[in-house]
Amino acid sequence: MATLNVLVAVCLAYVAVLFLVAFVAERAAARGRGWLGGPWVYTLSLSIYCTAWTFYGAVGYAARSGLEYLTIYLGPTLVFVGWWWLLRKLVRIGRAQRVTSIADLISSRFGKSNMLAVGVTILSVIAATPYIALQLQSVTLSFEVFARADGGAAASSAPASTAFWVAVGLAVFTVLFGTRNLDANERHHGVVMAIAVEAVVKLCALLAVGVFVIWGVAGGVGDVMTRIDASEIGHWQMDGGRWATLTFLSAAALLCLPRMFQVMVVENDEERHLRTASWAFPLYLMLMSLFVVPIAVVGLDLMPAGTNPDLFVLTVPLSQGQDGLAMLSFIGGFSSATSMVIVAAIALSTMVSNHIVMPIWLKLTGGGAIVSGDVRHVVLMARRVSIAGVVFLGYLYYQLSGGGAALAAIGLISFAGVAQVLPALVGGIFWRGATRAGALAGLTVGFAVWLYTMFLPSFGQGVILPAAVMQEGLFGLDWLRPRALFGIDGLDPLVHAVIWSVGLNTLVFLAVSLASFPSPLERLQGAQFINVFQHSQSPGGGFGGTAEAEDLLIMSQRILGAREAQALFHAEAARQGIEGYLPDPTPEFLQVLERELSGSVGAATAHAMVGQIVGGTTVSVEDLMAVADETAQMMEYSSKLEAQSRELSRTARQLREANEKLTRLSVQKDAFLSQISHELRTPMTSIRSFSEILREGGLERPERHKYASIIHGEAIRLTRLLDDLLDLSVLEDGQVSLNIRRARLADLLDQAEAAAGAASGGTGLEIRRDGPVDQVWITTDPDRLSQVFINLISNARKYCDAAGPRLTINVTQAGERLMIDFVDNGSGIPPDAQDLVFEKFSRIGDQKAGGAGLGLAICREIMARLGGSVSYLPGQGGAAFRVILPLHQAMAAQ
Amino acid sequence: MSRPGNALFLERRTYRRRRLVDAARFLPILGAVLWSVPLLWSSDGAETVPTSRAILYVFGVWCFLIVAAFLLSTRLRSDPPEEPVERP
């Protein structure tokens, strides 16, 4: 017979092994996950759904109510088989939003409302108390069984004190397990691994007992089947309402239990694990419930009447003298209880510390926590206290309820409690219209109804709710009886409570959501939740500390440049005393980094980027708006810069052109100077030589006359040249006086043709006129204008190189302006010279021309004075000039 | 292989994948319906169903669901757009 001491020693040894497993797993996780994050560990960790309720309670449940116990596993099976509907989305949202608990999920869906988070947290804590009490009760009962078997020695120890010590032990165990360190993502690799090991232990233990019962006690499967049909649960006797309600309730609880959410969503490493779990977890549940009925039936056969059927798993092997099997079974039950309490306490303490303790603490300390840097300490402390508190509440419930109820009945109270989160959860991830007010109202109503119809009555009549209230309703109002709300009597109490609480909850949630209007943040979060598959990429594995630092470095390199970023990280690593490694992303470092980055991308963007990588914080709407502002500013600035640079390049091009022109002009000027000196010297030379001949005398009269004429002619040439120069400089200085009067254009052209013809010998050039030349009268300076015409006509005469040279004078009138085109049929002016022809001293090549290259320059100046212009018209088949002048020269232009 | 042929192949794959997802969605509904069948069994009187047969039925449905979910999950595994390359 195993003594109690041996039992305690085995428990401690088992706990020590679990510690070792957790420790090794944490170390392996720190080095980078291998097999640790696999789908099998994930699936096994889900088995914390099967608590002591399953291990002990299911057999008791079956012994009392036949196959009804199966509903508790059918619901979760359906949820997992239908993972594509809900779990996939839940896990994706959990990962995309870095959700830390179910309260966090609900709160962040409804605009990060902390009030909702607090509500869900309180509901979860209260709903968990019966469940934890259930575990305490089962462990206490199993101890008692061994104590009774052990004889009188330990039987004296009251169950209450056993329960107390079990509670203390579990609390200490959980504190040591779950709060050794603080992970930003609320991941606990060690705990998950330990749970996976426990899952195997409890499955093996239950299967071992089942196999023993079927083939050891009974005579195989056939015999057991006969026994089942012969037993008191041998016929299908089922309340259809309970069957359906319980299936629904267990499915809801799977989704809403904080500890299930923790292992299913928060501890999920990769989404694809869900796919394996979709069939492996139902398989686990099926195996767990496979031998329940045989054990129950054989237990009912073997054990004396009045034995607690909840403990058949222990008492049947014990009664057959199988101490070893009983011990294994005890360990299995112990496993089931401890794993549930550990994960539930961790999940609840996370919620309590994140949503209740920390907000209060930060408010009290005025937000100075980041500077003092001891937040981690406070968080850890808050979690430890919360764990102790949660376990203590469970103990309190156990004490108050008297510890006599069936395990399954206690568990169902919890299930109904957490199911109140379901409408807000499902509505939140599938319905855009769900609002914070709706969720809050639905949750409150559901919680209140559950408290009144299920939780408070569960303590028994007269403990909390007076017997009078139970019988006659609150305030004596008959329709407020906890077991028959609104006078609907005759329902099973559980079905009644679930229908009313979840029904009213859903109804109020929908109605208030429809009537209220969500805040912008709510709408944004709602869109992100509901369209999570469009918004998020399938996330890879989560990252630990190193991955974060690496990601930060990669991001900073992109923004700051590789050398600067590496220098920054190196300096920080040196400051942290871990030179040669990446620095830890401490709050101070993140602040420094954010500041550095904000220099490049703006404060809000930097905050959002760092927040995205470090996690925990999602980008808020305010962040996004600030980012948008910054971006708009930058875009404006850069477009200004762009405009400026365009202007600069335009100016530069103009400068370049001007420079080229200047260079050409300078070349021309040099050429002109040599030309003008040549032009001046030739007449001067002939004047000098002929005047010398005249001075010597002794010449005949005709010869004297001839020489004097030559001298005279050359002097005239000189004078003309000098006149031209003078004319031009006068025109350029703007000191010219115009003699404005009315004249007929045709007369001016006639004069010009005659003058040009006379000047250059009048040979060859045929002149045509087009347009309404005769009718046009103009008010201008006719002498100056005809000077221009003369110049253009004589140019044509001089330069037109066609065989039959022809000049066409085209007159068109456009409003108040007159356009006169002079087009010849020669080869025109080469394109590279076109912009120079109007410059002074410009001559095309060194043709036959005798001019000094001032003619067109003078024309341009004259036309400018007359309020018009003269320009070269390219592409007319020959040299073409266009003279534009106003019909009526304004007197003011003088 | 010509491009249109390729496209046709992809189209067919996408189509098959969609139907697999449909099947995955349909499976829990089928399960719920099958497990609702016991609600039709009479609970009292002489014609009640023996528990052993009820066990066989419920567990039979359970096994069917597990096998179906297993087959679907292995088929759904080969979905390139959704999943990163599986690590060995």
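The exercises below, each with a worked solution, concern a predicted model.

**Exercise 1.** Determine how helices α4(A) and α12(A) are oriented to each other.

Solution. 
- Locate the helices: α4 covers residues 71-81 of chain A, and α12 covers residues 240-256 of chain A.
- Take the geometry: the two pack at an angle of about 55°, and their axes are 7 Å apart.
- Apply the cut-offs: angles under 35 degrees count as roughly parallel and 65 to 115 as roughly perpendicular. α4(A) and α12(A) are therefore oblique to each other.

**Exercise 2.** List residues that make the contact of α4(A) with α12(A), and sort the contact by class.

Solution. 
- From α4(A), the contributors include A:Ile72, A:Leu74, A:Gly75 and A:Phe80.
- From α12(A), they include A:Trp243, A:Leu246, A:Ser250 and A:Leu255.
- By class, the contact has eleven nonpolar residues, four polar ones and no charged ones.

**Exercise 3.** Describe chain B by its secondary structure, burial and surface.

Solution. 
- Chain B has two helices and zero strands.
- Of its 88 residues, 34% are buried.
- The chain exposes about 5900 Å², with 64% of that supplied by carbon and sulfur atoms.

**Exercise 4.** Decide whether B:Thr51 is buried or exposed, and find which residues it touches.

Solution. 
- B:Thr51 lies in helix α2 (residues 51-77) of chain B.
- Buried means under 20% relative accessible area. B:Thr51 has 3% relative accessibility, so it counts as buried.
- Leaving out residues up to four places away in sequence, B:Thr51 touches A:Leu67, A:Ile228, A:Asp229, A:Ile233, A:Gly234, A:His235 and A:Trp236.

Technical notes. Residues are numbered from 1 along each chain as its sequence is written. Chains are lettered from A and ligands numbered from 1 in the order in which they are written. This is a predicted model: local features need pLDDT of at least 70, side-chain atom pairs count only at pLDDT 80 or more; totals for chains, interfaces and linings use all residues. Side-chain values use heavy atoms; hydrogens and water are left out. Axes are lines fitted to C-alpha atoms, for helices over the stretch in contact, and angles run from 0 to 180 degrees between N-to-C directions. Helices (H or I, at least four residues) and strands (E, at least two) are DSSP runs, numbered from the N terminus. Angles under 35 degrees count as roughly parallel, over 145 as roughly antiparallel, 65 to 115 as roughly perpendicular and the rest as oblique. Contact means heavy atoms within 4.5 Å. Ala, Val, Leu, Ile, Met, Phe, Trp, Tyr, Cys and Pro count as nonpolar, Asp, Glu, Lys and Arg as charged, and the others, Gly among them, as polar. Buried means under 20% relative accessible area, exposed over 50%, partly exposed in between (1.4 Å probe, protein chains only). Accessible areas come from the Shrake-Rupley method with a 1.4 Å probe; for residues, only the protein chains shown count as cover.
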